[in-house]
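Please look at the sequence and the model before reading on.

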Amino acid sequence: MAAPGQSRFVSQLKRYYALYTGGFIGFVVLLSILEQMGVPNKMLGYIFLGVTVLLYAGIGILSRTSDVAEYYVAGRRVPAFFNGMAVGADWMSAASFIGLAGTLYLSGYDGLAFVLGWTGGFVLVALLLAPYLRKFGQYTIPDFLGARYGGNIPRTIGVLAAILCSFTYVIAQIYGVGLITSRFTGLDFGTGVFVGLGSILVCSFLGGMRAVTWTQVAQYVILILAYMIPVIWLSVKHTGNPIPQIAYGYVLEKVTAREQVLNDPSTPEGAREAEVRSIFRQREKTVRDHLKALDAEGESYLASEKARLVKTVADLQSRHDTDPKVLAAANRAVADFPADAATARKKWRREAEADREKSGPVMAHAEPFAGPDEATRDNKRKNFMALVLCLMVGTAALPHILMRFYTTTSVREARHSVFWSLFFISLLYLTAPALAVLAKYDVYTLLVGSSFSELPSWVSAWASVDKTLMNVTDINHDGIVQLAEVTIGGDLIVLATPEIAGLPYVITALVAAGGLAAALSTADGLMLTISNSLSHDVYYKMIDPKAPTGRRLFIAKALLLGVAVFAAYITSLKPGHILFLVGAAFSLAASAFFPALALGIFWKRANKTGAVLGMLGGLFTCMFYMYITYPFFGVNAPLWWDIDPISAGIFGILVGFVGVIAGSLLTAAPGKDLQNLVDQVRYPSLDSDFKPKDY
Amino acid sequence: MQLKDRHKQYWRQNLHLTGVLLAIWFVVTFVVGWFARDLQSVTFLGFPLSFYMSAQGALLIYVALVGYYAYRMDKLDREYEVHERDQ
């Protein structure tokens, strides 16, 4: 590839994307004018999501291709800067965009494990993997395992692991797509999933990696604008400083001061908080008494309790002066009463837990590993470290991210592109902790202490949409909001920021479009990883190595369609918790891939037996620990060294390294040609360089 | 294939650089994190130092590490003549 061609290509790209960004901002301005003219919110939401989805589909159609190198690796001419943006969009999922700030709001310092893990992992990518994989220069991660360790067994394990972790992760993304489209357009969840999926498919189906790359760049622009604009506004509102990352230190100080006032019963506000907390403590005690009685008396207790509630309703009905609200509440209590002992136990345990949380003092946002005693604090610290390590190593092992570094023009560009990736990703991760603190300040100062008759408009709006996201109840009937009376769901923070900042509805729609861009771009990359593993590694490399180009691409596209429909079907069954799926994907990838990939480059002695042993051992250890500890599977075995199930990867990584090293040392060193391959990979350019045969 | 001495030296230099940068990465992430409770009382730019490091400082250092690696390796590639020529 001649340099002048590439530099013309780069300047062309810069012009296109500058125009595109300008056009997009113009579009937002146009919509806000429409809003001022009285176009209803629902309409604006439709236009916003519709236009962005059509835009992605349009880019997909423009980038359609029938060339193998274009389809799998975007022709290996993506400039570092743009690959950085594409990695950014590929990387930042619905969990980062919508969930992260909420996690930080709810768990304070301890939530920063996600911020550290999801950025620090790129140091490992840059130093240990990206340049070497680029030099290797094939199409998929199993390709590398197959070539480095020789034979189809390492490749097959790689394919299985890639599919396992990508599929787990893609379910979480499609779930996010369904949630966002259904919340902002009123379509039902299933329809939302299929509309979103349609746009993913048009894009990757026609143009593979090439289309996905250029769509991801466009999606990055939307998602970062959508994330930053409301936070900047909020920062100006509270501090007068438009750079939230700098301004929030001062706000954090004020939040900390507020926490102390609210926790101090000698102040009037603190006294009211204490009053509400004692009510929750009382409630918890009542529920625990119910539980105790249930354990002692069994079903008969349930029947007598139910009879008591029914009698209360009858008594209320017989009186003339009964408040209809009280009657309705009594009726609801009868209707909601659990039908059998198992349901009752589950329901009451959950209630007791919720009441217990509400009866404790306000958590200090900036305090690391807070806990009542040294043992709790040490345990939290240990789990924080374990989670950070798992997320980092998982980052450096997820195939859909590593694959993106095959698309740059050279090793040099691959190194630079990790820098740009981390730069673009950090923009969001530096902002999320600021957003959490700014939103907290708003809640602690403006919402707490306000009167129930004049709640801020965003509070009443969200409380009427979804009680799990926003719920305020006057527990002690003093007509004033106390912090303990407010329940906030994590996802609310990002979704409601535009309204908290007092921005028009158009910005809320923009945030929804940003969340959708984050989920779609990640889903794009993941689905491509899955279908490429199947079509390239399984079909072309193992089943029919003589297949003509046309058939290879046909198979790739057919598989993509199949994978997409299957993923949508699984998602529509709502298999569970997003955070569970995301955590599982990272741990699985870290355990299966990282040891074999890193040692494959840095240790020539690593051989096939070691790789097979390490990958399988790591993967199974990780899966086994998840299976016995995640409440989802119902085994609930005791934890190993108190490590939370989300960090299951830590055992997998360890076993993976031990497996590769032991397996390699116990068997013969790899052959000369494999050792030569390692040398080829280590140097950006050698005189004796091999020429990849499909290039 | 026979590697020349300069190739071996290039690889040693690369390993050295990688090792140093990984050590910084480790200290910033895990050592600072381990002592987070002890760093709370120190204030930096209005933040408790431990909070600042995990929310901002570490991230900026990561970006710098990756940037420096790319810059340094470019120079090393040229010095040892293993850079890609036709780009």
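The sections below describe the two chains, the contact between them and some individual residues.

## Chain A

The structure is a predicted model. Chain A contains 25 helices and two strands. Its radius of gyration is 27 Å, close to the 26 Å that the globule rule gives for 695 residues, so chain A is as compact as a globular protein of that length. Taken along the principal axes, the C-alpha atoms of chain A fill a box of roughly 95 × 65 × 45 Å.

Of the 695 residues in chain A, 52% are buried. Among the contacts in chain A with a separation of 6 or more, 82% are made by residues 24 or more positions apart.

## Chain B

Chain B has two helices and two strands, and from the N terminus on these elements follow the order α-β-β-α. The C-alpha trace of chain B spans about 55 × 25 × 15 Å along its principal axes. The radius of gyration of chain B is 18 Å, whereas a compact globule of 87 residues would have a value near 12 Å. Buried residues account for 31% of the 87 residues in chain B.

## Annotated regions of chain B

An unreviewed UniProt entry carries the annotation "domain: Sodium symporter small subunit" for residues 7–83 of chain B. In the model, residues 7–83 of chain B are 77% helix and 5% strand, and the end C-alpha atoms of this stretch are 12 Å apart.

The annotation "transmembrane region", from an unreviewed UniProt entry, covers residues 20–37 and 49–71 of chain B. Residues 20–37 of chain B are 83% helix and 0% strand, with end C-alpha atoms 26 Å apart. For residues 49–71 of chain B, the span is 100% helix and 0% strand, and the end C-alpha atoms lie 29 Å apart.

## The contact between the chains

How many residues does the contact take from chain B and from chain A? Chain B gives 41 residues, and chain A gives 46 residues. On the side of chain B that touches chain A, the elements that give two or more residues are α1 (5–34), β2 (47–48) and α2 of chain B. The largest share of that side, 17 residues, comes from α2(B). By class, the residues of the side of chain B that touches chain A are 24 nonpolar, 12 polar and five charged.

## A helix pair across the contact

Two packed helices are described by the angle between their axes and the distance between the axes. Helix α17 (residues 411–447) of chain A packs with helix α2 (residues 49–79) of chain B at an angle of about 170 degrees, and their axes are 9 Å apart. Because angles over 145 degrees count as roughly antiparallel, α17(A) is roughly antiparallel to α2(B).

On the side of α17(A), the residues that make the contact include R412(A), R415(A), F419(A), L422(A), F423(A) and Y429(A). On the side of α2(B), they include L59(B), Y62(B), V66(B), Y69(B), M73(B) and D77(B). The contact of α17(A) with α2(B) consists of 15 nonpolar, four polar and four charged residues.

## Individual residues of chain A

Most residues other than glycine have a negative phi. H477(A) is not a glycine, although its phi is positive at about 55 degrees. This residue, H477(A), lies in the loop between β1 (470–472) and β2 (486–488) of chain A. H477(A) counts as exposed because it has 8 C-beta neighbours inside 10 Å, and a residue is exposed if 12 or fewer other C-beta atoms lie within that distance.

W641(A) also has a positive phi, near 45 degrees, in a residue other than glycine. Its place is in the loop between α23 (608–629) and α24 (649–666) of chain A. With 10 other C-beta atoms within 10 Å, W641(A) is exposed. E275(A) is in helix α11 (residues 268–297) of chain A. E275(A) has 15 other C-beta atoms within 10 Å and is therefore partly exposed. Its C-alpha atom and that of R552(A), 277 residues apart along the chain, are separated by 69 Å.

Key. Residues numbered from 1 in each chain as written. Chains lettered and ligands numbered in written order. Predicted model: local features only at pLDDT ≥ 70, side-chain atom pairs only at ≥ 80, totals over all residues. Axes fitted to C-alpha atoms, helices over the stretch in contact; angles between N-to-C directions. Helix = DSSP H or I, 4+ residues; strand = E, 2+ residues; numbered from the N terminus. Parallel < 35°, antiparallel > 145°, perpendicular 65-115°, else oblique. Contact = placed C-beta atoms within 7 Å. Nonpolar A, V, L, I, M, F, W, Y, C, P; charged D, E, K, R; others polar. Buried ≥ 20, exposed ≤ 12 C-beta atoms within 10 Å, placed from the backbone. Rg over C-alpha atoms; globule rule 2.2 N^0.38 Å. UniProt positions renumbered as here; feature names shortened; annotations may be inferred.
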